[in-house]
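Here is my note on the model, written as numbered points. Please keep the structure open while you read.

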Amino acid sequence: MARLIRTEKEVEGRFEEVWLVVEEDPLQQWPEGPLSVVGRPAVRQDGPQRVRGEARFTADVQLPGMLHTAILRSPHAHARVKRIDLSPALALPGVRAALGPGEAQGLADEAGFAGEPVAAVAAETYGQARAALRAIDVEWEVLEVVLDPQEAVERGLLTGEPTRYERGDFERALAEAEVVVESTYRTSVVLHNSLETHQAVCQWIGDTLEVHISTQYIWGVRDALAEKLGIPGDKVRVVCEYMGGGFGAKNDPGEYTFVAAELAKRTGRPVRCALTRREENVGAGNRNATIQKLTVGARSDGTLVALGGEFVNAIGWSGWSAPTDGPMQTLYACDNVRTVRYGAKINTPPMKAFRAPGYVEGTFGLECLLDELAAKLELDPLELRRRNHADSNDGKPYSSKNLLACYELAQKHWDRRADVRARSGTTWKHGVGMASQIWFGGGGPPSYAWTRVTSDGRVTVVTAMQDIGTGTRTAMAQIAAEELGVPLERVQVVLGDTARGPYATLSAGSSTTPSIGPAVRAAAADVKRQLIEIAAQRHHLEERVLDIRDGIVVSADGNLSQPLEELVGLLEDAQILGKGGRGPNPTGMSVLTFGIQVVEVAVDVETGEVRVERVAAAHDVGRIVNPLGARSQVEGGIVQGIGHTLSEQRLLDPETGRVLTSTLDAYRMPTIADLPEIVCEFVDRPDEHLTNLGAKGLGEPPIVPTAAAIANAIRDATGADVHELPISREELLRALREAQERAREGAKEHVGAR
Amino acid sequence: MPELELTVNGEIHSVDAPTGISLAELLREELGFTGTKIACNEGHCGACTVQVDGVPTLSCITLAHSVRGAVTTIEGLRDHPLVDAFVRADAVQCGFCTPGQVVSAAALVAASPEPTVEEIRHHMAGNICRCGTYPRIEEAILNWRG
Amino acid sequence: MELVRADSLQSLDGGVFIHGGTEVVPLLRDGILEAETLVDVRDVVPRGVDGNRIGAGTTLAELEVDPQIPEALREACRLAASPQLRNMGSIGGNLLQATRCWYWRLKYPCRLHGGDRCHAREGEHREHAVFANDFCASAHPSDVAAALLALGARLRTTQRELPLQDLYRLPDEGNRDVVTLAPGELILDLELPPVQASVYLKAMDRKRWSFPQVGVAAARTDGEIRFGLAGVAPIPWLLTAPEALDAATPLPRTAWKVEVARALVRRAVAAVGAA
């Protein structure tokens, strides 16, 4: 019977209460460790088509008669359109339609950043559309520009009320602390740079809008379009079978989809709207810059007694204030914590979620601060973390937590410190640093899957989710194969189409596997139950003695051993159908992921060059479904983390607020040459309280601690306290100079003391 | 529009196309070779890499009319052992850069059948992978013959 | 726009020359360069290395593995750009590449574009020049030019022979060009005098595929060491002695480059051996 319950749902650290219909009793979790299919390495089922260039991305969708769109963007960081005349553009060759402010969602008459979309043109070719933009006549009223987040905070220009948090008595605890460290950290804006830019192709077929879009959330796109266009949700079909990266920036339709939908309506033709790389790096979102003024008070044994932080998120013109303060509130046991977080609304391009938004930035600050404390106390940084391990999330139990086990896995890497440091010479200094990781990743309801077994014994899982490149198809197939007892190669997963499958949640917030995986298992269990019932009747046996193993229907006494395809082969065109839904998360528990990374660096103290030589990662994300795919997530997160730590930085012209580093020669992401040795380990213990799967998400955790661990390794190697991301040569040489001066002062004091 | 004759994956194609058209655009939009991806369209990322007479070339900043040699795209390398090596090593996440990676790697292993890690890192540095699959790509190329 | 293929040096008559196209094609697309006629010069520019003579049409990829050329040039080629760009780009074209200054590339009306101010000086200039940056603070990105300066290379064009440093000029109010080529003048080849030792050291923020933050080439001939620097001035910068770094005039955010240059010059001297 269907039960209606109220439950909590979390995405990217944002919680909401939702109603949920729960159907059957939950399945028992599988035992710990590698099973027949789940927990064993599986190559991607869609690997060949992606590698061979056969996978059809949105960028590859070419529909007959398709028009191309170019978007006019504000040259001013803050301005109002006083007057706009599209007619000169409409008169140009190839131009078929044009939209001005207010004619599609996302085309604004007040531009709040340089690059905000205001008008759009559809033409036979992209070149014609782009040429037509120059003919659009706009009269601008230029408005006041604020680019400095600190100024915005002082003037109360905020995206919302400041978020305040306090437990215990921070002031008193700080006053009583034996050691206090205060530091200010800054992180810069970094850009997602999915290799496939944000884009959509829209086409009206009758009263139905068909949308091909590079998105992390086909249902979110469907619902947003339906709402804004005032049409029923089932009149919008959204398709995304393959997408070229998202990293958090592709969770909603964006102006490009609304523009394409409206232009398609006006012209009666399919319309593509695709951002160029430069547009992508201006208007498609970013990880916002932060300023973090942090304080830690501790006893001389390292016990944390007070943690305080003032966090400024430089949001830009729109976006949300990500939980930069989260790590400080949750990573360590500390009775007295006070944080305040401001979202500065400034005339810069809007933020969008980017792989563990807030926690990447906040962990950099907190974990550097902890190491500065460790240095002051002359305590082993890992030991300092152990001493402050949190056994509950401010009184709320964890559904599972194996952070100490992660530390245990990391110990052998941490123990390399003496050997690594011993490699130091006069110019190249070597050191080791670490940082802990905490983040969400428990997923949540609802999500659904259907399973179909055909009379050839093959299994299809249908769920309208998307695979953003993490290997979802394969992981879901593994879960279904495990539950059903069939070989992995017999299972195929159909996804990426709202018209062909039930709702599944977004591929963001490390939620795909923990959210949809349990639904897939439930759907597979449903067909398995039916198959057993069929076998029981066919062979006049009791259901309880039957099982399916490796594609064979077997009885407990071994007398029956019938290939599944033989059993269902009788049924010809009949199909056995199953369905499953995602149950709720455990009530009253914190579902979180944990980990540690230990980084070895070499630093050239004369030129400020940093080489990340080795990164050892140990993460606790519950059960690992596919060790091969899991390793790739960890490696990918670390590589991205190295990028924003050392070489990536979006720069603005301080006068106009325009992005200067929109091209990939200026915005420098890591190449294969920058790759360190990466060692990747998992605790791999199912979370016994979390769903029928016990698996948490892994997309985001690996990028969380990388920057802090690198910075801490630099301190270990050189004594320099870096306070800024990226750690450019300029910043590092400054920190090295500061460290030298400190050492000289210290030496003087020392001499004086004698 | 000037006519142009181009050998792609061993077949000769004749097309009328404007002088400014890039090789990438021609391949994708006129000839249907959509395995070649355009990600930056200004020669910075390597997603559009094709071979011209075996030499890795950025097709997004190559004028189609200036091409003198035989073009090989990912469609011409679909049976190359590297494809299987990439799948085995999990050297693919979103897959948007992957065809370009394979095209570059195919030229590398043709010139150096047993490439060292240093050679791989030197010769593959022009193919950006935002998902960060580099460790897997390195492994795939090291073990390309299976 | 039309594309024609030059079949002899005598037939060259106007138009924009294109060889590898790695610079010309993006600049055309951005409207920074305009051309009614593109002249493909690959058939008329010599290609290949012959002793101490390098055809201007030789690609960087060919040079990075050529044992005949001095270490500094080989290393400059090896560390330049990306593998694909090295496959496509010729050494002649490399010498003529424009700055990576973001203001210039994004078509701000700066002095190099004929405007009346340098946006970088007052704006975002952390990757910009430390020498001769008063009029225009752009930094010249050619690793190869720095190496060739140190090596004392001479160029032969369709019109003259000249030492490499004479190919470049600092932009000024009257003339915003950074090269001295006359219209229709084409670089044909380069000649390298013998050196005893040479080296190229490059500071980058990635290990590969990065324009030089600072590039330092040094070459020792008889008792003398010459230095060529990349990424420090609007043109490739010839340094006669390490002390010449004291004359740097860094902007507020480019002082770090001087520090890096000092370290690299010191190491370069050590690498090529005492003068």
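1. Start with helix H14 (residues 472–484) of chain A. H14(A) lies across S19, S20 and S21 of chain A. H14(A) runs at about 135° to S21(A). Helices here are DSSP runs of H or I with at least four residues, strands are runs of E with at least two, and both are numbered from the N terminus. Axes are lines fitted to C-alpha atoms, for helices over the stretch in contact, and angles run from 0 to 180 degrees between N-to-C directions.

2. A word on the source. This is a predicted model, in which local features need pLDDT of at least 70 and side-chain atom pairs count only at pLDDT 80 or more, while totals for chains, interfaces and linings use all residues. Residues are numbered from 1 along each chain as its sequence is written, and chains are lettered from A and ligands numbered from 1 in the order in which they are written.

3. Now the sheet under that helix topic. Four strands of chain A form an open sheet in the order S21-S20-S19-S25, with mixed pairing. Two strands pair if DSSP finds at least two bridges between them. The edge strands are S21 (491–494) and S25 (576–581) of chain A, and each pairs on one side only. On average, neighbouring strands of this sheet are turned by 20° against each other, direction ignored.

4. Look at one pair in that sheet. Strands S19 (residues 448–453) and S20 (residues 459–462) of chain A run antiparallel and are joined by four bridges. Thr451(A) has Val461(A) in S20(A) as its bridge partner. Strands of a sheet pair through backbone hydrogen bonds, either parallel or antiparallel.

5. Which strands does H15(A) lie across? They are S19, S20 and S25 of chain A. H15(A) runs at about 145° to S25(A). Helix H15 (residues 512–539) of chain A has 28 residues. From first C-alpha to last, H15(A) reaches 39 Å, close to the 40 Å expected at 1.5 Å a residue. The expected span is 1.5 Å times one less than the number of residues. His540(A) follows H15(A), and its phi is positive, near 55°.

6. Chain C has its own open sheet. Three strands take the order S1-S3-S2, with parallel pairing. S1 (2–5) and S2 (16–18) of chain C stand at the edges with a single partner strand each, so one side of each is left without a neighbour in the sheet. Neighbouring strands are turned by 30° against each other on average, direction ignored. Three bridges join S2(C) to S3 (residues 37–40) of chain C, and the two run parallel. Ile18(C) has Asp40(C) in S3(C) as its bridge partner.

7. Next, a helix pair in chain A. H10 (residues 359–377) and H18 (residues 706–718) of chain A pack at about 25°, with their axes 8 Å apart. That makes H10(A) roughly parallel to H18(A). Angles under 35 degrees count as roughly parallel, over 145 as roughly antiparallel, 65 to 115 as roughly perpendicular and the rest as oblique. By class, their contact has seven nonpolar, two polar and three charged residues. Ala, Val, Leu, Ile, Met, Phe, Trp, Tyr, Cys and Pro count as nonpolar, Asp, Glu, Lys and Arg as charged, and the others, Gly among them, as polar.

8. Compare a pair in chain B. H2 (residues 81–88) and H3 (residues 98–111) of chain B pack at about 125°, with their axes 10 Å apart. That makes H2(B) oblique to H3(B). H2(B) brings Leu82(B), Val83(B) and Phe86(B) to the contact, and residues from H3(B) include Val102(B) and Ala105(B). The contact has seven nonpolar, one polar and no charged residues.

9. Last, the chain interfaces. How many residues does each chain give where A touches B? Chain A gives 42 and chain B gives 40. Residues are in contact if their C-beta atoms, placed from the backbone, lie within 7 Å. On the side of chain A, the largest share, seven residues, comes from H17(A). That side divides into 18 nonpolar, 15 polar and nine charged residues.

10. The contact of chain B with chain C takes 20 residues from chain B and 17 from chain C. S4(B) supplies the largest share of chain B's side, four residues. That side has six nonpolar, 13 polar and one charged.

Methods
Two residues are in contact if their C-beta atoms, placed from the backbone, lie within 7 Å.
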